[in-house]
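Please look over the sequence and the model below before reading on.

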Amino acid sequence: MSITEDPPFIFRFALVYTLLPGASPEQVDRLVTGPLEEVILELPELEYTESFSREGISLISVKLDDRYDNVIPIWEELRRKIEGVQPELPPGHIGPVVDAEFGEIFGILIGVSSSTLSFEALQAQAQAMQEDLLLLSQVSQVTMVGQREEQIQVELDLESMSISGVSPFAIAPAIAGRSQIIPGGRVPLGSGETMLLNPSGDIRDLDDLRDTPIPLVDEVVTLPLSDVAQVSKVLEDPPTEMVSIEGQPGLLLGVSLQKKGNIRLLGREIKQQIAYWETEYGKTVDFEIVTFEPGRIDATLGGLLKNLIQSLCIVLLILVLVLGLREGIVVAALIPLAILLSFCIMALLGLTVNYVAVGGFIVVLGMLVDNNIVVAERIVRHRHEGLDPVRSATMATGELHMPLITSALTTMVAFLPIFLAETAAGEYASPLFLVVAIGLVSAEIIVFTVTPLMSCHFFRSPEALSQIHGNVKSHKHYRRWLQAILSRPRTGVVLVCILVVLSAVGFILLPKNFFPPSDRPILAAEFYLPPGTGIEETAQVGRQIDAFISEKLRPDFNIQSWATFAGRNAPRFVLNHRAKLASPDYGYILFDLKDLRQLEALQAELEAFGDRVLTGVSFRVRPLEVGPAIGFPIQVRLKGSSIDGLRTVSEEVMDYFRGVEGLTHVGSEWGEPVPHFQLDVDYERAAEYGFTQSDLAAAIQVKVNGLEIGKFLTEDGTFPIVLTLPETVEVEPRSILEWNLVSPETHEVITLGDLADLEEIEVLTTIARHTGQRSLTIWADLEGDVSSQSMDDRLRPWLEARQASWLETYGVDFEVWGEGRQAVVANESLINKIPIALLIILVLLLKQTRSFRRTFIVLLAVPLGLIGAIAGMVVLQQPFGFMSLVGVVSLSGIVVNSAILLLNRIRLNVESGDLSERECILEAADQRYRAIVLTTVTTVGGMLPLFFFGGPFWRPMTTALIFGLSFATILILFIVPLAYSILYRIDFRDQPGVVSEN
């Protein structure tokens with residue numbers, strides 16, 4: 001079977017990116033992003049789009065609705081729509097490209113660094129290692145982070161050009177014309193055949209490029225390019241992204257697992273490959289595993305498997321103590337058989353073993369033995385009554401097959417809303433339903449085949465069973481208390497009503513969250529510099545943090561490894577990693593710790609360092625998220641068509657947020673405007689000299705950053721050819737106006753200042769849209785123990801009070817997003833599926849009980865379980881979130897099982913006609929008492945290891961299940977008989993109560 005850390009997940013995101021070199025964010029938004037979003041919004045399967053228009057680039061994130069599982073045809077339709085609008089995009093654009101694969105998970109990140117090799121040599125070595133990794137049997141993809149693209153640099157010699165009379169505008173078309181591959185066509189041979197005819201002269205190596213003829217001003221004489229420029233292969237400068245491994249500049253190799261691959265086998269292959277590298281390159285190259293998914297799986301699943309074994313031991317001990325050694329071992333031995341059968345079914349269905357699935361086995365462990373206990377207990381009772389082994393087994397299974405099948409089905413159906421919930425959170429937790437359903441089906445197969453068979457051969461004699469059965473003294477106490485409750489029906493009803501009211505009050509007081517905190521020993525830090533900051537300065541801040549970690553933190557904390565990124569964040573190394581769009585002013589640090597208990601202390605140290613040292617830098621340190629990636633827990637999205645209106649309202653909102661206690665790291669996705677130089681060109685004068693707008697833009701780009709003018713094709717790949725000026729030429733904004741230009745029309749030498757002037761303005765670095773409408777999101781972090789939902793409740797009144805003014809003045813509306821809203825959406829999706837489950841349960845109960853009154857009595861067990869669940873969360877101060885809701889929803893199907901068994905026994909007693917109405921109830925309660933208590937004890941006992949040692953992810957759910965089931969069982973033993981007596985008008989008021997007897 002395939003083993004993964006997280007459950008399989010359909011990635012319903014695609015990224016559409018388009019380049020428009022030289023365009024401002026507003027131009028990109030208007031000319032590229034807007035037209036593209038118009039056609040994308042035509043997709044009927046679309047949930048929303050998020051777009052970001054930046055200088056020269058448009059990025060559109062497309063999210064499909066969670067109802068759709070087959071996404072490949074949808075992405076094909078998206079590509080067709082994009083191709084249809086492409087001719088309408090402005091000239092000079094590159095793309096659009098639809099990337100539907102950026103959700104790949106690179107669970108193994110390998111850092112490569114060197115203190116002796118140059119970066120160019122290290123990158124060449126890393127590329128060879130990338131090829132080695134791709135040859136491994138379990139590897140799907142290998143990505144390299146931090147690499148710098150190679151390019152062919154043509155560095156102009158201004159002095160030689162001036163002496164020779166070579167115009168800068170003559171070099172670019174000469175190189176571009178030769179670097180293009182244009183077919184010459186096919187020549188007919190006369191016999192019906194044709195032959196391909198292509199011109200020679202394409203650039204095969206750097207010498208060919210150096211020999212490219214460049215015309216002089218008179219366009220008659222030519223010179224080779226090498227006479228006026230230096231040609232060399234270099235790395236891009238500045239880089240678009242940078243990585244350091246534990247403070248050492250380097251590269252990162254991300255490895256992903258093949259679909260249906262074996263993650264443990266991949267881990268072994270990677271370790272063997274690294275061992276080989278260390279032997280071959282260890283003297284010059286250092287290797288560091290930054291994250292290692294196989295190790296996390298071994299630790300996480302190993303811990304859960306340990307919990308599973310502990311649960312099995314607890315259940316075994318309970319069964320032996322209650323049923324006796326032989327009978328207890330016989331019943332408990334069936335649990336591994338049920339688990340083995342479940343794994344076989346999972347393998348046949350192509351399911352994976354993952355974190356949620358193994359946790360589901362622990363949850364269902366006690367349930368696997370429940371029906372075995374009921375059947376075994378009934379067989380023991382028949383043996384105690386003197387029946388032979390075979391007759392005892394057949395009678396017990398005959399009496400119980402329908403109630404047990406119904407109870408198993410109701411339990412499965414109770415988990416069904418988790419599977420049906422059409423959200424990312426529901427999809428993540430969906431293996432719970434599959435494991436519970438498969439486990440219960442396996443248990444039902446065994447309970448009606450193996451259990452009766454083994455009882456005939458291994459259960460002891462009736463005398464020994466009688467002695468064990470008679471040792472249960474609690475029967476007498478239970479019967480006395482039951483008679484006391486039945487004789488005071490009003491008191492019982494009032495007591496239950498009081499408990500229901502108290503539980504409702506307790507629920508209101510419970511803190512709320514979305515998902516529990518992460519139990520992975522991984523910490524992430526993000527740092528944001530002012531918009532417009534270059535990547536070198538961002539990398540310098542990263543080096544400052546690296547130095548602090550090396551000198552101050554690593555000696556005191558068990559930091560296994562860390563990597564620092566400038567210009568981007570880490571590749572998706574876990575399912576819920578929040579991918580951040582690349583930006584030169586953004587940095588990210590990923591820590592892998594040896595001890596989870598040190599995570600909070602390390603976070604506090606890093607935050608204190610940021611506050612103390614990193615002035616002007618927003619420094620955010622957080623553990624990994626659990627469940628869907630959200631980012632900042634508090635988010636308010638402003639929506640409107642006016643850019644100025646959105647900016648004005650956002651400043652008002654951010655000013656208010658900065659004054660709210662409990663909020664920190666307040667910011668917005670647009671950021672602050674940055675200074676920008678705009679070249680005001682006199683186009684009439686420029687036309688007189690033969691200059692176009694593109695000529696002037698190209699001239700400036702050559703001077704400032706370099707201008708790509710063609711492609712250099714070799715066996716090793718395709719490299720851009722970039723025209724640049726020598727590094728010794730200083731680039732200062734005003735000096736651009738002094739740069740000489742040679743007129744293509746008159747051949748005069750003029751300056752750029754003769755044709756244009758510079759104006760300093762402020763521009764936005766980013767313009768965002770949400771589902772086609774301009775939007776601006778304000779975000780903030782939470783301080784202390786403040787929950788996102790409680791903070792949303794505090795912020796909403798002020799936002800709603802300002803809403804009318806914003807709409808009237810600026811046409812700006814708002815919506816609260818972030819963790820609180822995501823929790824509401826996920827919970828609503830789960831709750832909306834509960835009626836389906838309740839309807840199925842109702843049909844099953846009506847089929848089983850054949851009575852509306854008895855069905856109503858069974859359904860009374862559901863609120864009884866909620867009373868205990870809420871009480872447990874209040875006592876243990878567990879917040880109510882998605883996993884708590886999963887526990888509560890699942891509980892509703894488990895607690896009705898005891899009610900079904902008890903009512904079925906009452907019905908059988910009534911149908912026998914041997915007992916009075918009162919005795920039918922009391923005898924049924926007495927006969928089912930031990931089985932009900934024992935099934936509850938084993939179910940609760942089986943979940944205790946997951947509750948205590950499973951980590952924060954499972955604790956809310958197990959709290960709801962353990963306390964809810966325990967409390968519901970106590971109440972069911974009394975309330976079901978009480979409800980039956982009330983609905984069927986059976987009067988116990990003349991019965992003596994236990995209080996008077998004692």
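How many helices and how many strands does the protein chain have? In this predicted model, the protein chain has 31 helices and 30 strands. The notes below are grouped by topic, and each names the elements concerned.

**The chain as a whole**

- Taken along the principal axes, the C-alpha atoms of the protein chain fill a box of roughly 120 × 70 × 70 Å.
- Of the 998 residues in the protein chain, 53% are buried.
- When contacts in the protein chain between residues at least 6 apart in sequence are considered, 79% of these contacts join residues at least 24 apart.

**Helix α27 and its surroundings**

- Helix α27 runs over residues 861–876, and its 16 residues should span 22 Å at 1.5 Å a residue, which agrees with the 23 Å that separates its end C-alpha atoms.
- The buried residues of α27 are Ala861, Val862, Leu864, Gly865, Ile867, Gly868, Ala869, Ile870, Gly872 and Met873, and these buried residues pack against α17 (489–509), α26 (852–859), α28 and α30 (955–983).
- Just after α27, Gln877 takes a positive phi of about 55°.

**The packing of α27 with α28**

- The crossing in which α27 passes α28 is right-handed.
- On the α27 side the contact is made by Ala861, Val862, Gly865, Leu866, Ala869 and Met873, while Ser884, Val888, Leu891, Ser892, Val895, Val896 and Ala899 make it on the α28 side.
- Divided by class, the contact of α27 with α28 has ten nonpolar and three polar residues, and no charged residues.

**The packing of α11 with α28**

- Helix α28 (residues 882–912) also packs with helix α11 (residues 389–420), their axes coming within 8 Å and crossing at roughly 165°, and the two helices are therefore roughly antiparallel to each other.
- The crossing of α11 and α28 is right-handed, and the residues of their contact divide into 14 nonpolar, nine polar and two charged.

**The packing of α23 with α24**

- Helix α23 (residues 788–810) and helix α24 (residues 818–832) have axes 8 Å apart and pack at an angle of about 110°, so that α23 and α24 are roughly perpendicular to each other.
- In this contact, Ser788, Gln789 and Asp792 of α23 meet Glu819, Gly820, Arg821 and Ala823 of α24, and the residues involved divide into one nonpolar, three polar and three charged.

- Leaving aside residues up to four places away in sequence, Glu444 touches Asn371, Leu404, Ile405 and Ala408.
- Glu444 and Val702 are 258 residues apart along the chain, and their C-alpha atoms are separated by 76 Å.

Methods: Residues are numbered from 1 along each chain as its sequence is written. This is a predicted model: local features need pLDDT of at least 70, side-chain atom pairs count only at pLDDT 80 or more; totals for chains, interfaces and linings use all residues. Side-chain values use heavy atoms; hydrogens and water are left out. Axes are lines fitted to C-alpha atoms, for helices over the stretch in contact, and angles run from 0 to 180 degrees between N-to-C directions. Helices (H or I, at least four residues) and strands (E, at least two) are DSSP runs, numbered from the N terminus. Angles under 35 degrees count as roughly parallel, over 145 as roughly antiparallel, 65 to 115 as roughly perpendicular and the rest as oblique. Contact means heavy atoms within 4.5 Å. Ala, Val, Leu, Ile, Met, Phe, Trp, Tyr, Cys and Pro count as nonpolar, Asp, Glu, Lys and Arg as charged, and the others, Gly among them, as polar. A crossing is left-handed if the near helix is turned anticlockwise from the far one by less than a right angle, and right-handed if clockwise. The expected span of a helix is 1.5 Å times one less than its number of residues. Buried means under 20% relative accessible area, exposed over 50%, partly exposed in between (1.4 Å probe, protein chains only).
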